[in-house]
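Hello,

Here is the structure I promised to pass on. Please have it open while you read, and my notes follow just below.

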Protein chains: 2
Amino acid sequence: MAQAADYRILHEADLRDYLAGLPDLKALLGGEPASWEITEVGDGNLNLVFIVKGAKGGVAVKQALPYVRLVGESWPLPLSRAHYEYLALSRQAQLAPGLVPALLHHNDKLALTVMELLEPHIIMRKGLVAATQYPGFVDDITTFMARTLFFTSDLALPAAEKKEAIAAFAGNHALCKITEDLIFTDPYRIAEQNRWTAPHLDGLAANLRDDMELHVAISRLKLKFMASPEALLHGDLHTGSIMVTENQTRVIDPEFAFYGPMGFDVGAVLANLLMAYFASAGHERTQGERAAFEVWVLETVDKVWNEFARKFLDLWRTGPTGDAYPTSLFTGDKGALRLEAERQAYMQRLFTDTVGFAAAKTIRRIFGLAHNIDFELIEDPWRRAISEARAVRLARGMMVEAAAFRTIADVTGAARKVRDWQPELTG
Amino acid sequence: MAQAADYRILHEADLRDYLAGLPDLKALLGGEPASWEITEVGDGNLNLVFIVKGAKGGVAVKQALPYVRLVGESWPLPLSRAHYEYLALSRQAQLAPGLVPALLHHNDKLALTVMELLEPHIIMRKGLVAATQYPGFVDDITTFMARTLFFTSDLALPAAEKKEAIAAFAGNHALCKITEDLIFTDPYRIAEQNRWTAPHLDGLAANLRDDMELHVAISRLKLKFMASPEALLHGDLHTGSIMVTENQTRVIDPEFAFYGPMGFDVGAVLANLLMAYFASAGHERTQGERAAFEVWVLETVDKVWNEFARKFLDLWRTGPTGDAYPTSLFTGDKGALRLEAERQAYMQRLFTDTVGFAAAKTIRRIFGLAHNIDFELIEDPWRRAISEARAVRLARGMMVEAAAFRTIADVTGAARKVRDWQPELTG
């Protein structure tokens, strides 16, 4: 765990000296330390991120700050999150090799991690705003999710190992609390940090605060988030935590990692693709210019769920058997058939969770503290509000009637219908 | 945690010296240590239990053995269970004062705990075999369950505290594993340690092993047991873990304590009362001589659920608010009404869990390793098998169609119907 006494923020000069003292990294960077080019690039909400380039190579350095960068020292946040991020990244690297940045160095006391420099990868969300299609994304992200979720679940692990793993991440509760507040609570009540496209969405925001069916649904999801340690989650798996080229995908920033409900990770990916879809109309300069992108995004939503489910089921059928659903209780043809039916039922329950969590991840981006550039970069507030209202309309249905969406095609079908709906806005 | 190096089994002479070295206990017992009367009385499956009586008072001493007493050194079991038992007992004493034995001394290295001597309390199961009614039991056990479960749940705790508490008990997985194997797996497959009233129940045992609907149901319950840390459970709350007089109730032996699904504790109490009910016919010497007892037992089943639910709901309405179901989302009359409806829905889900877990606790006592004297003391194997078959018939329905039992009256009504059913037995 990070100890405040040994911690210091490494600014550029300190960082240069620190890296120069690590022979492997010094060799990797190459040339004289004085010649290394160091740039602070952190555009996230919480940390310092440096890119360091030497004569031979480059690295990315991430250091946690003892407070929320977005807000300042008034909102302290434990440095230990760097420890949990490192733990999660190590586990993900074992389980989904090549889909997370390579780990080069970690210092718990400094809450600092050095990783492979991802070049020429960009944050996927930026690519989506630019209507870029990523043909390798479905395969990569579904492999990442299926493998990290299955292999850390009771389906694959002995119960003792699973309990120890839950305990190993239990201390990351300050990061969980951010999610509990900002995703599952604040958007549905008056909270200082909330914001939305105003006055256009004022009416919608008021409806949200008054919608008791929605409050019950979000509260059930919150309870599930807090008390269903099904698997090791990334915990913040939106398109801003994914770096891509056309053919490569790297999942970054698992500092929110903990044992939680699988649908939270899967729902995060789906929600952020759906938001890219609804935002797309707002980025059009001429009508229909992004039509092919929009078709691709919705196809991607379909495929992300379907491929994830296929791979997860495949691992369950052929991978290691944990203490859940012991194979000795499902012998013979009859047992095999019944177990397969139960696997399908399990996936259906997971899909219902996923639909609900996707809805929660959408609403928080429109009415809560942290917004996303999919919507934020739509300059005209009317057009932005129209895109946002459509996303909220779909999300409200997904949250309150999650179980009515039986397949992912039900979700994308509903999204298509909402795409051309003209909301009544305020102001 | 217990360290093997510092551990030694305290036999009578060692124990006398050890207690003599503890001034408070020495004073409590009174007189010369040489005059203390020390008796080993452990009739449980796992530990040594001594009763020590001096000139002035007595104490009970429990020491964990590094193996399962029932089986011997071939089945090792961590001494750390004494640590978790002590942790649980301390928490229960805070939450349900007067309903657990007073803690007098604990030594983690020796895996030893000294407690108040409960006199003239007897193990409740023995009383039930003797058709004794306990008028104070409903009120006491429902207070114990409502308070220990509510106050350790997300309904009452901040999420951070809850996660730390889960982690504090995560190391007790060896005891959880016993439950996972002996309750949720072995009775449904061929396992060396299984036993049942043979040959009379051979056919029923074979049906159980072949019943894939039941295997799915027990596997879902097992998964819930492993991955739903709703509250701090006693973990073994049968009528052998409860000591009673007519007016006093003390819950003992929480060494299986961990964070799990609430229905497991509530179901344990109901199952053991239902088994006492079905066993009762087997203890009759003349027809109807235990009729009043049987009426009382079924009334007690009804009241245990109803009073538990009433007290739990009352705590939820008036007690501390944890991070689940934040009151700020349920303001005004409309919010209050909707939250109350959700509380009822929550209790309905908990009832369904309870019904399923009660069934699991029943079947394991008839086909698994650990049986209970309710049935075992019925000498005539035919009569014993008839009682057992009735209990299994009810339990099978409760497990496979748990949600069809909407109220506890549905359970006791079904029990009454099965009471006079004549099963077809083998042999």
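To start with a residue to look up: is A:Phe225 buried or exposed? A:Phe225 is buried, as its relative accessible area is 1% (buried means under 20% relative accessible area, exposed over 50% and partly exposed in between, with a 1.4 Å probe and protein chains only).

A word on conventions. This is a predicted model, in which local features need pLDDT of at least 70 and side-chain atom pairs count only at pLDDT 80 or more, while totals for chains, interfaces and linings use all residues. Residues are numbered from 1 along each chain as its sequence is written, chains are lettered from A and ligands numbered from 1 in the order in which they are written, and side-chain values use heavy atoms, with hydrogens and water left out.

**Aromatic pairs**

A:Phe225 and A:Phe258 make a tilted aromatic pair, 4.8 Å centre to centre with 55° between the planes. (Rings of Phe, Tyr and Trp, the last by its six-membered ring, pair if their centres lie within 6.5 Å; planes under 30 degrees apart are stacked, over 60 edge-to-face and the rest tilted.) A:Phe225 sits in helix α9 (residues 212-227) of chain A and A:Phe258 in strand β12 (residues 258-260) of chain A, so this pair ties together parts 33 residues apart in sequence. (Helices, H or I of at least four residues, and strands, E of at least two, are DSSP runs numbered from the N terminus.) A:Phe258 is buried too, at 3% relative accessibility.

Over all chains there are 39 aromatic pairs. In one of them, the rings of A:Phe150 and A:Phe151 have centres 5.3 Å apart and planes at 80°, so the pair is edge-to-face. Ring pairs also link these two into a cluster whose members include A:Trp305, A:Tyr325 and A:Phe351.

**Where the chains meet**

On the interface, 48 residues of chain B are in contact with 48 residues of chain A (contact means heavy atoms within 4.5 Å). The area buried between chain B and chain A is about 4,100 Å², and carbon and sulfur atoms give 62% of that. (Buried area is the accessible area, with a 1.4 Å probe, that two parts lose on being put together, summed over both.) B:Lys163, B:Met212 and B:Leu329 supply 17% of the area that chain B buries against chain A, more than any other three residues.

Ten may be a handy figure to remember: the rule finds 10 salt bridges across the interface of chain B and chain A. (A salt bridge is a side-chain nitrogen of Lys or Arg within 4 Å of a carboxyl oxygen of Asp or Glu.) One joins B:Lys163 to A:Glu180, with the closest N and O atoms 3.2 Å apart.

**Salt bridges within a chain**

Within chain A, the side chains of A:Lys62 and A:Glu255 meet in a salt bridge at 3.6 Å, N to O. A:Lys62 lies in strand β3 (residues 58-64) of chain A and A:Glu255 in the loop between β11 (249-251) and β12 of chain A, so the pair ties together parts 193 residues apart in sequence.

In chain B, B:Arg189 forms a salt bridge with B:Asp186, the closest N and O atoms being 2.8 Å apart. B:Arg189 is partly exposed at 23% relative accessibility, whereas B:Asp186 is buried at 8%.

Best wishes
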